[in-house]
Amino acid sequence: MENVKVVHYLNQFFGQMGGEDKAGIPPQIKEGPVGVGQLIESESRGRFKVIHTIICGDNYAAEHLEEVESTILKWVLESRPDLFLAGPAFAAGRYGIACGTMCKAVQQKLGIPALTAMHPSNPGVDAARKEIYILEAGDSTRDMRRVIPKMVSLSQKILDKVPIGLPQEEGYFPRGIRINIRAEKRGSKRAVEMLLKKLRGEPFETELPLPEFDRVVPAPPIPDLSNAIIALVTEGGIVPKGNPDRIEAHNASKYCEYFIGDVNDLTEESYQTAHGGYDPVYANEDPDRVLPLDAARLLEKEGLFAKLCDDYYVTVGNVTAVASATRYGHEIGERLLKEGIQGVILTST
Amino acid sequence: MDELLLRKVRIQDVIFGENTEVANHVLRINREELVRYLKEDQRLKSVEIKIARPGEKKRIIPVKDVLEPRAKSGGTSTTFPGFLGTAEPAGAGITSVLDGVAVVTCGKLVNFQEGLIDMSGPCADFSLFSKKLNVVLVMKPVEKLGKYEHEEMVRIAGVKAAHYLGLAGTRVNFDEEVRFQVATWSELERSHPGLPKVIYVDMVIAQGLLHDNYVYGVNAQGSLPIVLSATELMDGAIVSGNCAAPCHKNTTYHQQNNPIVEDLLSEHGKTLIFLGVIAMPVRATLLDKERICTQVLKMAKLLNAQGAIVSEDGGGNPETDLMMLARLFEKEGIKTVLVTDEYAGRDGASQGLADITPEADAIVTNGNGNQYVVLPPMEETIGHLEAIDVITGGHAGSLRPDGWIEMEIAGIMGSTVEVGAEKLMTIAI
């Protein structure tokens, strides 16, 4: 790609429409570059051509984010650029969120590479850092001359499909994708050094910043159990003998659904565990120990609940990536809802 | 003051010969004698001894454990105490090491959790075992042997072979002698006033088949935490029967040469005082986890520790223990560093740990076990190549029709080992 067509997003201030008094203006599109856009063009030594500049007031964008997004997607689609740039937004929060949101939308929905730049404290960083490259900028326009070359340079690497360097080399916020690299020292040595720093009260850097886990709110009780259909679901890997769908022993790539409408008891002859994360002997001897079908059938007969679901769902929850587990949970939940299930016995190992 | 003299005999090659002996840095093995010795265990139907050297186009699979040949000369204690001879405390006297050699236990799959070692190619970059002269025991159990007995049989065979070969080292001159003093706690307390006192908590998983460790021969399932000196580890006080996942299984070899122990010892008396090791069983239920973590805290306080390094064994539920201990330690003012690995998904975008706590602010990671690799075919497979489709890290179709293997590094022995023996780590991009 020789010449690069760019659409550039700016707020009212950088779009030279005015200050806070113009923060309420709706999005508008102009031919060619405005202000910062000219700097981007010159920094790229003429390779980048800003074909359109989109300008929107900060308040308008904050109050009508979805509407602005769909307007901008429409304009960008018509303009068909090679690249979408926004900002830099520096420490301006409303502007930062708009930049992040617009870049994310353009890249995800139109497949056009998009990036922006802002200060670490800008809430726009968290709005889009996982999806797009956001370059780290200072808190004011004084940093403009430093950050624009970085935006141009990283954009060219993305467009030219040149390998992207590490966050500290390129100056972007880590997107949270963890890759393996080789350190200079082995793990044990790094641990001893980290401990010494911690003991001395010196600054140290953890290698694994803590992720944030969801909290799942427990569902309310089932009002009338005697009319409820109950399903069995397990992450304990109980599968028909031979593991016909080959669920992996570890980091399962799937969950499966099996018919048990005509089964009252899971036996060693017909079921087994595919799970690699626990002692399988007891589960293989009597798979009901992990997927309690025999007990459920008894309770069904006693009328504690109306009926047991004819299918059960199973995966292997053994060092399975949380993202996969979350997806399986959502999908299984949706399928159960569709089948009119009111309650689930979810067994874990 | 007790001391351990670790005498290293450097080995440059391993071959079969008439006698089991070391001469000119070459280990000769009397194959028939070793086989006879191992087959004293009547559960062992057959055992083949194979040699795999660094750089050779050989693939060893499925691997259960790796051990370093070590044996004692003089005295009444033995290496691998509780397994062979006596169970009296090891960690003092003279221990000979065949430096450069490893015993690898292999053969019919006990269960999914066993791993792979390649002696060359890209896999070799992930594991120190690819750089060893490996004496591989390919074992077949008698018919209808239960899984527990099968596991015990291969574990004991590994210990016996490592001791048997280690004995050859006691009969020759050594190349290097390292002296380790075993001080009492009051000696340690007085030794270097002003330096912070540090303990190392070595988690040992204890949760059933291929998820157990043995301390002085006792399955840690039935044990509370135990305090060990660094030198007891060197003498094989912890034998691994664990294979939670090959990448982060702390093998017996890793425990004998525990790098956290080595690196703490190298700072001992300079920047810190290394108080010793607490071997901490990791059980599956919350009650057990609370019981054991609070016992470890009690020991750390009795020892007056100011800092701690905690290494995980396995992944998933052991992270509860790791985080619980960080919480307990930090609340008592014991500065804590955790050593772990991650399962962040093949794309690296997932959360890598199953449990977290805000107190865990100092973590060393040994890599993402979900990294996907493609490995070329080797000229020789030692063991059973087809196991790749079912072991941890592999999947149906891992063995491609063209002979290449696609798998996660979770299946490579020791690739993300949580005692920090390798240089692999993750960063966020």
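## A walk through a predicted two-chain model

In strand β17 of chain B, B:Ile238 is the bridge partner of B:Val215. Together with β15, they form an open sheet of 3 strands in chain B, in the order β15-β14-β17, with antiparallel pairing. At its edges lie β15 (218–219) and β17 (238–242) of chain B, each of which pairs on one side only.

Chain B has another open sheet to explore, built from 6 strands in the order β16-β18-β13-β19-β20-β21, and here the pairing is mixed. Its edge strands are β16 (226–228) and β21 (363–368) of chain B, each pairing on one side only. On average, neighbouring strands in this sheet are turned by 20° against each other, direction ignored. Strands of a sheet pair through backbone hydrogen bonds, either parallel or antiparallel.

β16(B) and β18(B) run antiparallel, with 3 bridges between them; one pair to look for is B:Val227 with its bridge partner B:Ile278 in β18(B). β18(B) itself is mostly covered, since 10 of its 10 residues are buried. β18(B) and β13(B) run parallel and are joined by 9 bridges. Here B:Ile205 stands opposite B:Val282 of β18(B). Strand β13 (residues 197–205) of chain B is also joined to strand β19 (residues 307–311) of chain B, by 5 bridges and again in parallel, and there B:Val198 stands opposite B:Gly307 in β19(B).

Two helices, from two chains, lie across strands of this sheet. Helix α8 (residues 318–331) of chain B lies across β13, β18 (273–282), β19 and β20 of chain B, and runs at about 165° to β20(B). The other helix comes from chain A: α8(A) lies across β13, β19, β20 (335–342) and β21 of chain B, at about 150° to β20(B).

That brings us to the place where the chains meet. The contact involves 50 residues of chain A and 69 residues of chain B. On the chain A side, the elements that give two or more residues are β7 (178–182), α8 (187–200) and α11 (322–338). The largest share of that side, 11 residues, is supplied by α8(A). Sorted by kind, the chain A residues that touch chain B are 26 nonpolar, 12 polar and 12 charged.

Leaving aside neighbours within four places in sequence, A:Ser188 is in contact with B:Pro259, B:Ile260, B:Asp263, B:Val419, B:Gly420 and B:Ala421. Strands reach between the chains too: β7(A) pairs in the antiparallel sense with strand β25 (residues 424–428) of chain B, over 5 bridges. Within that pairing, B:Ala428 is the bridge partner of A:Arg178.

Now turn to chain A itself, which is divided into domain 1 (4–170) and domain 2 (225–347). Their centres, taken over C-alpha atoms, are 48 Å apart. Look next at helix α1 (residues 36–43) of chain A, whose buried residues are A:Val36, A:Gly37, A:Ile40 and A:Glu41. These residues lie on the same side of α1(A) because they cover an arc of only 145° around the axis. An α-helix has 3.6 residues a turn, so residues three or four places apart point the same way. Among the elements that cover the buried residues of α1(A) are β1 (4–11), β3 (48–56), β4 (83–86) and α6 (144–160) of chain A. Just after α1(A), A:Arg45 has a positive phi of about 55°.

The loop between β4 and α4 (93–110) of chain A contains A:Pro88, and the peptide bond from A:Gly87 to A:Pro88 is cis, with omega near 10°. A:Phe90 lies in the loop between β4 and α4 of chain A as well; although not a glycine, A:Phe90 has a positive phi of about 50°. A:Phe90 counts as buried, with 22 C-beta neighbours inside 10 Å. In chain B, B:Lys144 also has a positive phi, near 60°, but B:Lys144 is exposed, with 6 other C-beta atoms within 10 Å.

Key. Residues are numbered from 1 along each chain as its sequence is written. Chains are lettered from A and ligands numbered from 1 in the order in which they are written. This is a predicted model: local features need pLDDT of at least 70, side-chain atom pairs count only at pLDDT 80 or more; totals for chains, interfaces and linings use all residues. Two residues are in contact if their C-beta atoms, placed from the backbone, lie within 7 Å. Helices (H or I, at least four residues) and strands (E, at least two) are DSSP runs, numbered from the N terminus. Ala, Val, Leu, Ile, Met, Phe, Trp, Tyr, Cys and Pro count as nonpolar, Asp, Glu, Lys and Arg as charged, and the others, Gly among them, as polar. Two strands pair if DSSP finds at least two bridges between them. A residue is buried if 20 or more other C-beta atoms lie within 10 Å of its own, exposed if 12 or fewer, and partly exposed in between; C-beta atoms are placed from the backbone. The arc is that of the directions from the helix axis to the C-beta atoms. Axes are lines fitted to C-alpha atoms, for helices over the stretch in contact, and angles run from 0 to 180 degrees between N-to-C directions. Domain bounds come from an automatic or database domain assignment.
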